[in-house]
Amino acid sequence: MAPELIVQRPEGLYCPAGDFHIDPWRPVARAVITHAHADHARRGHGAYLATAVSAGVLRARLGDITLQGLDYGEAVDIQGVKVSLHPAGHVLGSAQVRVEHQGQVWVASGDYFASGHAGDANATCAPFEPVRCDCFITESTFGLPIYRWRPQAEVLAEVNAWWAANAAAGRASLLLGYSFGKAQRLLAGVDASIGPIVVHGAVEPLNEAYRAAGVALPDTLRVEQVTDKALLRRALVVAPPSVLGSPWTRRFGDASDAFASGWMQLRGARRRQGVDRGFVLSDHADWPGLQRAIAATGAGRVIVTHGYEAVMVRWLEEQGLQAGSFATEFGNDDGEAAVAA
Ligand SMILES: [Zn+2]
Ligand SMILES: [Zn+2]
């Protein structure tokens, strides 16, 4: 029987042959990082390996770390194990980790966005690329049949219509989404001719990282830069969900508020958030997207992490695949715990 290339350890996923971890949640000597979301890229590791394009965001979050940056597809040798990073389509610089040793290939997906609709990719980062492998370790954040995303263009058209109607009525449009990834996807997708775009202070440093990486985003204003109250009443305001109910939002008066997240597909989630609108837009694969991505790897064995593991494992077994799960400490970064309960 072929040896296990990646196993579960108390500190995180571990490659015994190469003696490195992938997205570990406890400090380790050598960490391969799939992307810069806080639950995957943590402090305290001795050395980091990640995509070169994610270096800016990683350093902004983690400080002066020892970081080796790789291009997508570029391979390095770690103790005889060939390691390379491949686009995951989730956020800027996000990668799947391909590990090859003694003729065996395993891929750890990290978080990924793959759509069930052909050609529907995340426009703000390198789109998900399936990687052939013997064993695929897949995320499963939205691994239930109820999660089916509509094409992004349809959702973004709804966002634009909502903003335009608010602007016409003289009301600001407060659009809530995770600062890293979701906010930039919204910004890249909206129609900037409708009015000015204002962003929260947590969002703008990430916008700068995206622009530095060559991603086209519309012009954005920090709220402090806007002195004209009339301007604010036509504005789209993009901010993280944590501002809900905080004094920061008071300056926008009777703004209409909306939340953009995959969780908005759940009946009751929008009501629990207490917002006017919910837009179903996720940086993770939906049920058809997961199925499509898993099939494209050609893997005979699949290990499921963070999400609805049991449902996904049962479905995989029904397809005749060898399936199991790893318990991880990854959170869900698609709109945050705000929607728990
Ligand atoms: Zn993530
Ligand atoms: Zn995750």
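## Cavities, a pocket and a zinc site

Strand 11 (residues 135-140) supplies the largest share of the lining of the largest cavity, three residues; strands are DSSP runs of E, at least two residues long, numbered from the N terminus. The model is predicted, so local features need pLDDT of at least 70 and side-chain atom pairs count only at pLDDT 80 or more, while totals for chains, interfaces and linings use all residues. Residues are numbered from 1 along each chain as its sequence is written, ligands are numbered from 1 in the order in which they are written, and side-chain values use heavy atoms, with hydrogens and water left out.

The structure holds two cavities of 30 Å³ or more. On a 1 Å grid over the protein atoms alone, a cavity is a set of points where a 1.4 Å probe fits but cannot get out; a pocket is an open set with protein on both sides within 12 Å along at least five of seven lines; lining residues have an atom within 4 Å of a point. A volume is the space filled by probe spheres set on the points, which are joined across faces, edges and corners.

| Space | Volume | Lining residues |
|---|---|---|
| Largest cavity | about 70 Å³ | five nonpolar, five polar, two charged |
| Second largest cavity | about 50 Å³ | five nonpolar, three polar, three charged |
| Largest pocket | about 190 Å³ | nine nonpolar, four polar, two charged |

Here Ala, Val, Leu, Ile, Met, Phe, Trp, Tyr, Cys and Pro count as nonpolar, Asp, Glu, Lys and Arg as charged, and the others, Gly among them, as polar. Residues lining the largest cavity include Ile-137, Thr-138 and Glu-139.

Donors are N, O and S atoms within 2.8 Å of the metal (3.2 Å for Na, K and Ca); water is not among the atoms, so sites may look incomplete. Asp-111 also bridges to the zinc ion (ligand 1), and the two ions lie 4.1 Å apart. His-40 sits in the loop between strand 4 (30-32) and strand 5 (47-51) and His-306 in strand 18 (residues 301-307), so this pair ties together parts 266 residues apart in sequence. His-40 counts as buried because its relative accessibility is 0%, and His-306 counts as buried at 8%; buried means under 20% relative accessible area, exposed over 50% and partly exposed in between (1.4 Å probe, protein chains only).

Conventions. Helix = DSSP H or I, 4+ residues; strand = E, 2+ residues; numbered from the N terminus.
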